[in-house]
Amino acid sequence: MIKKVIAIVVNSLISYFIIFHSINTYAQNVELTIKGIRSTKGTLQVGVFKDNESFKKEKSYKELKFAKTNIVNGILTVEFNLEPGLFGFALLDDENSNTKMDYNFIGYPLEGFGFSNYYHRGLTKPNLNEFSFNVTKNSSQKVIIEIRYM
């Protein structure tokens with residue numbers, strides 16, 4: 001009986017190792033530099049998008065939150081992993097930590113926003129193809145977001 005339990009535990013650990021190793025084999029390092037942060041209040045929220053439809057609907061593939069504790073001269077650099085593929089980052093500088101963009105009475109954003117490798121100058125949302133980038137296997141990716149405040 002004890003041998004069966006040990007065999008089950010060993011097989012479970014081996015399966016876990018194989019799955020964990022295969023996931024990490026395909027995950028690639030992404031270095032994200034966020035520039036122009038105006039305050040240490042709140043958090044930085046990054047929506048990770050894979051296609052334009054999900055971006056239009058504001059349904060991100062993945063949500064990332066970063067504390068503003070390591071900001072130096074308005075810049076924060078963070079690292080994380082993503083699998084290879086096409087992505088776009090949309091950032092919200094959520095200064096009041098309510099997890100949503102706040103707007104004034106005219107409809108202009110009161111908090112900062114930004115997009116991966118793209119500084120948005122227009123008044124309407126960009127398309128994902130304007131700020132998307134490729135994460136490729138066996139390489140690291142550097143992405144810059146410059147925050148815009150209106």
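This is a predicted model: local features need pLDDT of at least 70, side-chain atom pairs count only at pLDDT 80 or more; totals for chains, interfaces and linings use all residues.

A: Two strands count as paired if DSSP finds at least two bridges between them.

First, the setting. The protein has 3 helices and 8 strands, and along the sequence they follow the pattern α-β-β-α-β-β-β-β-α-β-β. Of its 150 residues, 35% count as buried. Among contacts with a separation of 6 or more, 71% are between residues 24 or more positions apart. The accessible surface comes to about 9500 Å², and carbon and sulfur atoms hold 57% of that surface.

Now the strand itself. Strand β5 covers residues 85-94. Buried here means under 20% relative accessible area. By that cut-off, 8 of the 10 residues of β5 are buried, so the strand is largely enclosed by the rest of the structure.

Next, the partners. Strand β2, residues 43-49, pairs with β5 in the antiparallel sense over 7 bridges. In this pairing, Gln45 stands opposite Leu92 of β5. Strand β6, residues 112-115, also runs antiparallel to β5 and is joined to it by 4 bridges. Here Leu92 stands opposite Phe113 in β6. Strand β7, residues 132-135, is another antiparallel partner, with 4 bridges to β5.

Methods
Residues are numbered from 1 along each chain as its sequence is written. Side-chain values use heavy atoms; hydrogens and water are left out. Helices (H or I, at least four residues) and strands (E, at least two) are DSSP runs, numbered from the N terminus. Buried means under 20% relative accessible area, exposed over 50%, partly exposed in between (1.4 Å probe, protein chains only). Contact means heavy atoms within 4.5 Å. Accessible areas come from the Shrake-Rupley method with a 1.4 Å probe; for residues, only the protein chains shown count as cover.
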